[in-house]
Amino acid sequence: MLDTALLKEFQQPFLLSTDMIKHIAVQFRKAMYDGLCGKTSPLKMLPSFLAAPTGQEKGAYMALDFGGTNIRALLVELYGNGHYAVIRQRHTPLKTSSYDYTADSVSAEELFDFIASEIGQIAPAVTLSLGHTFSFPSYQTDINNAKLITWTKELKTTGVENANITQLLSEALIRRGLAHIRPAAVINDTAGTLLTAAYSNPAADIGSICGTGHNTAYLEPWYHSTPMIINMESGNFDKLPLTIFDAKLDTNSEKPGQQLLEKSVSGRYLGELLRLIINAMIKNGLLPAIEAKRLNIPDAVTTKDLSLLMADSVIDLTTVLTLYERTSLQQIAALLQKRSAQLTAATFYGILCHIDPKLERRHHIAIDGSLYEKMPGYAQTIQATLTDLCGKSMTSLSTGLIKNGSGIGAAIAAAMAKK
Ligand code: BGC
């Protein structure tokens, strides 16, 4: 028989009240301010050297989208005012059963040679500018030069941290006989998402990724007195009410102490959090010792499993667990998902309060990523939390999915660099 009091003890630390969410938003806004002033802050507040597009960006561009799971090479034609066509594209995983370009045994040159050969598969034989979406915290000195500060999302490839990403790519393109493909802009995927949304919608001023990783960029109206898209690297925000499970996950991770918001909200980690909780529930007699061997392996539970569990589609479980046990597991999975969406919404509210304290203007938050797109209820929870926080002003705020914005955004950035 299920011990409901004990089950509640597991659930309680994951519940966030409106006051707690507001408090997180206030802390987030303060961290933005500190980061912008050069004070110590968990938010890196990295300038992109790009403002919003005019909508007049046009022409053919190569784009490379490097997010950590796949490489996507694209040939894009921009027509202006939000219109574009993907002429060719190629999608390749960075890790399969026969190779792994994310491992520390692989060098920067090997990784970028692989990337260049992927670009070579679809690049035409004419000179073209290339926009590169590189979805990791990078310090930029201009629109086309970025240094990787630190790997996130558990990537480990050697020799990339502290290196100039554009130089690594340019050299690899030359080695592959692709000198006619010329890197012209490097951006974060959050900036790409924002650029793609703003290409057709001038109210778009926040771009976010809720997928394998998590991060948000926004259009700072007054960055050294000019508008500038800022990559906040908000996944590193750390003023959060974390649980013992978050702490355990962090200790076992590649970079303990870093990316605490990302570790509690993103797809790379939600499955692992669930695995740690299931193991503790088994220990406390709330669940039978099912699949004990598999559950001892880190990352054995994925965010996809979490979604399947919530939809009651894990066939095996219906035979080995009672209805009560399945329901208790589903409740935990739902709480993890809800907390993720609520924390994300809290950061959005913090940004809105920074750029427009009285919420007088129209704002659009463009979001991409598998959690936002595919996890049932996720987008709705973000929306509901924002409605709760913004009250009446919610009428001037919209949120929406922008698919593949990071790749298209790279082409838009390359066009903006031309000017
Ligand atoms: C990276 C960000 C990126 C986000 C989403 C995080 O791990 O640090 O730069 O925007 O993932 O891909």
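From which domains does the shell around the ligand draw at least three residues each? Domain 1 (4–42 + 206–401) and domain 2 (58–187) both do so, with bounds taken from an automatic or database domain assignment. The model is predicted, so to speak of local features takes a pLDDT of at least 70 and side-chain atom pairs count only at pLDDT 80 or more, while totals for chains, interfaces and linings use all residues. Residues are numbered from 1 along each chain as its sequence is written, and side-chain values use heavy atoms, leaving out hydrogens and water.

Around the ligand sit 15 residues, and Thr152, Lys153, Asp189, Glu233 and Glu262 come nearest (near: a heavy atom within 4 Å). Sorted by class, the shell has 3 nonpolar, 8 polar and 4 charged residues, with Gly counted as polar and Asp, Glu, Lys and Arg as charged.

Now for the polar contacts (pairs of N or O atoms within 3.5 Å). Asp189 places a polar side-chain atom 2.5 Å from a ligand oxygen, and Glu233 has one at 2.5 Å from a ligand oxygen too. From Ser135, a backbone N or O atom lies 3.4 Å from an oxygen atom of the ligand. Taken alone, the ligand exposes 310 Å², and the protein buries 98% of that (Shrake-Rupley method, 1.4 Å probe).

How values were computed
Polar contact = N/O pair within 3.5 Å; in protein donor to acceptor, adjacent residues only side chain to side chain.
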